[in-house]
Every structure is written in structure tokens, then in C-alpha cells.
Amino acid sequence: GGGQPSGNPTGGNGGSGIVIVRYQIDSSQSGSAKASGGSISYYGGKTIHAFTSSGNFVAPATFNETVEYVVVGGGGAGGGPSAPGVNSYYGGGGGAGAYRKGTTPISTPQTIGIQVGAGGAKGQLLPAAGSPSQFGSPITSPGGGYGATWQDPGGQPTVGGGPGASSGGSSYGGSVQPSTGAAFSPTDATANTPTNGWGHPGGTGHPTGDNGGGGGAGGAGENAADSAAGDGGLGMQLPTTFRDPVSSVGAPGPTNTSSHNPGWTNVDNSGKFWVAGGGGGSAYGPDSGHTSGVGGVGSPPVGSSPFAGAGNGSRFFAGGTAALQNTGSGGGGMERAPGAPSPQPDAGNGGSGLVLIAYPT
């Protein structure tokens, strides 16, 4: 008998299995894109190009369509410089980037530059405003203003707070400049916007050290009150064209806006597809009875959770939270009262903007 050879060899492992599912795609949901650029998807008989970073929309010679677009500027940072030795405290919320919606015909071969605005960066010597987003040169949504601090009146245009108080940064680019205290109030959330888009002013601060919320595309930031910072202004829900249930654009929003803006129509209750909310203001920290502002809930508030990806303000030596990327929402303000421990807390960055383009498939 031969016996087993040395080393006791073994058999090979079996291969893993596979599952294949096959079904017919609805012809209205698929097709070959007539143009290129961005992330392309198909929904409701439309081809959608989503730009979450800058690029080009390229229309060939065969392209002849009226496109629908949404352009959201970058959100502003919450108030609160972070540089050591800078004597600034109590930051307001950052403003949302302007929200612009409309249609435009494209009938000749073109390469159209798309710019997705960056969100404002927190801190250093000053927080930053958001950068504009563009669909070609004529269609621009300016970025949101940065939140003010106790020592700084904030990014233009903001509503100024008095000594010892901060205003929230405002959305830049309302149909009436927010610095006048007035702004466009939409009666139809799907209507085409004014030339500069929709934007609203930030709320004012309070001498107790509580700070205003940043302005949102859909409403103004809330004014701070005694012992309560202001909430960030309400954002906007994307048009029905872009509400693909499997899409990840936008952020959660309120599920019922009827009590807040009873004139709004074409706003669904899904709680999805919201952008451009204002950041929450920070509250005076050493006193536990003060409450910080919530991002994107509007004035009066429509809930207690942050909406549209906006950042929350902070309290008690804490930093504000950043806004979500590609929402154009404002960052939360920081609270840094005198004597705050090291490392110093900081404000929240603004969220980058978004450009969406759609046309019949």
C-alpha cells in the first residue's frame, strides 16, 4: 500500500454563490442622455444632471430643449473666530446661500460652465461667507453671509445686533436686499424666482449674549430673546421634478409647513429634498437656563430637529455644528464666553451649494 504523501494535501474551497434579478425598466425612467455633465439620472420622464462639484454641462448640436434648473449658493459659516487671542464671543448662525429656480432654452451646441459654491469656512480671523453657484454666467445664486459675533457685525448683508449681541448672517440675494429688512416671501414653492434668487435676513441678537439665527431661502432667521438664541430660517423644498424617491439630493425638512407658511403650495409632506436653511445662533453659555438655536426650522419654528442640513448653534463653551455638504445651508454659531477653556470651541462651516438641471428624456 502506498499511503498518504507527506504534507496531507486538501481539496479546494467551493466558490461563492450568485443571485441575479431581472425585471423590465419603465421606459419613462430610462434613456440615453442628450447632454453630458454631472451625475445623470432619470425620473418622471426627465433626465436630471446633478452637480455636487464644479464641472461642465455639454449640449451637443442635436440638443434643443428648455431646461429646468435649480442653483443654490454656498452657505455661510456660523459666527465665531477661532484665532488665539481674538476677543470675540457669542456667534450668530450663518446664512443660507440664495436659492434660484427657473427655465432656459438651449438650442445650440454649448459647453456651459457649472460652478458649485463652497460653503464658508469657520474661524481664523473672521468666518467666511459662502461662495456663489452658477449655471453659466447669467444664472448665479450668491453665497450666504457669515454669522456675526459680539465684536463683528457680520457678513454683508446682515441685520446688526447691538453691543454685547450678535446678529445671524443673512442669505445674500433676496429680491429686496435683506439689509433693508425686507425680502421676497414665496407664495408658491415651485414658482420661478426673482433674478437674484430667494434669500432672507438673519435675526438680531439679544444683550443677554444670545444670538440670532441665520436667514434661510424660505424665511428669515429668528431674533434672539432673553435666554434663547434664534433658530435658523426655513429652507426650500426642491421642485417636484427633482424629488426622485431614490435620490440623495437635499436633506430632511419639516413634514408640515402649513402652519408656518399657509400660502405655500406644491410642498409635500415627505420631509425630504430640502436645501438652504439658516444656521442656529449660539446661546450664552455659563447660564444653564439659556437655549441654543436650531438650524433651518424657521421663525416661528416648525419643529425641534435641524432641517435642510443646517447647523445648530451651541451653548456652554461648545462649538456650532457644520451644515451638510451640497445643501447650501448655514453653519451654527459658536459660544465662547470669556474664560472658556482651551482648546477653544469653534463655529460650524457652511454647506457647499448645488446645481440641478433637467429636461425631457
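A salt bridge is a side-chain nitrogen of Lys or Arg within 4 Å of a carboxyl oxygen of Asp or Glu. The views below come from a predicted model, where local features need pLDDT of at least 70, side-chain atom pairs count only at pLDDT 80 or more, and totals for chains, interfaces and linings use all residues. Residues are numbered from 1 along each chain as its sequence is written, and side-chain values use heavy atoms, with hydrogens and water left out.

**View 1. E65 and K34 form a salt bridge.** Welcome to one of the two salt bridges in the structure. Between the side chains of E65 and K34, the distance from N to O is 2.6 Å. E65 belongs to strand β4 (residues 65-72) and K34 to the segment before β1 (39-43), so their pairing ties together parts that are 31 residues apart in sequence. Strands here are DSSP runs of E, at least two residues long, numbered from the N terminus. E65 counts as buried, with 17% relative accessibility, while K34, at 31%, counts as partly exposed. Buried means under 20% relative accessible area, exposed over 50%, and partly exposed in between (1.4 Å probe, protein chains only).

**View 2. E68 pairs with K101 in a salt bridge.** Here the N to O distance is 3.7 Å. Because E68 sits in strand β4 and K101 in strand β5 (residues 99-106), the pair links parts that are 33 residues apart in sequence. Both partners count as buried: E68 has 12% relative accessibility and K101 has 6%.

**View 3. The largest nonpolar core has 18 residues.** Such a core is a set of buried Ala, Val, Leu, Ile, Met, Phe, Trp, Tyr and Cys residues joined through side-chain atoms within 4.5 Å. V70, V72 and Y99 are among the residues with the most contacts inside this core. Two or more residues come from each of β2 (46-51), β4 and β11 (354-360), and β11 gives the largest share, three residues. Look for V70, which touches residues including Y99, L238, F242 and L356, not counting residues up to four places away in sequence. Contact means heavy atoms within 4.5 Å.

**View 4. Seventeen residues line the largest pocket.** A pocket is an open set of points, on a 1 Å grid over the protein atoms alone, where a 1.4 Å probe fits, with protein on both sides within 12 Å along at least five of seven lines; lining residues have an atom within 4 Å of a point. A50, S247, S248, V249 and L356 lie nearest the centre of the largest pocket. Strand β1 gives the most to its lining, with three residues.

Terms used
Helix = DSSP H or I, 4+ residues; strand = E, 2+ residues; numbered from the N terminus.
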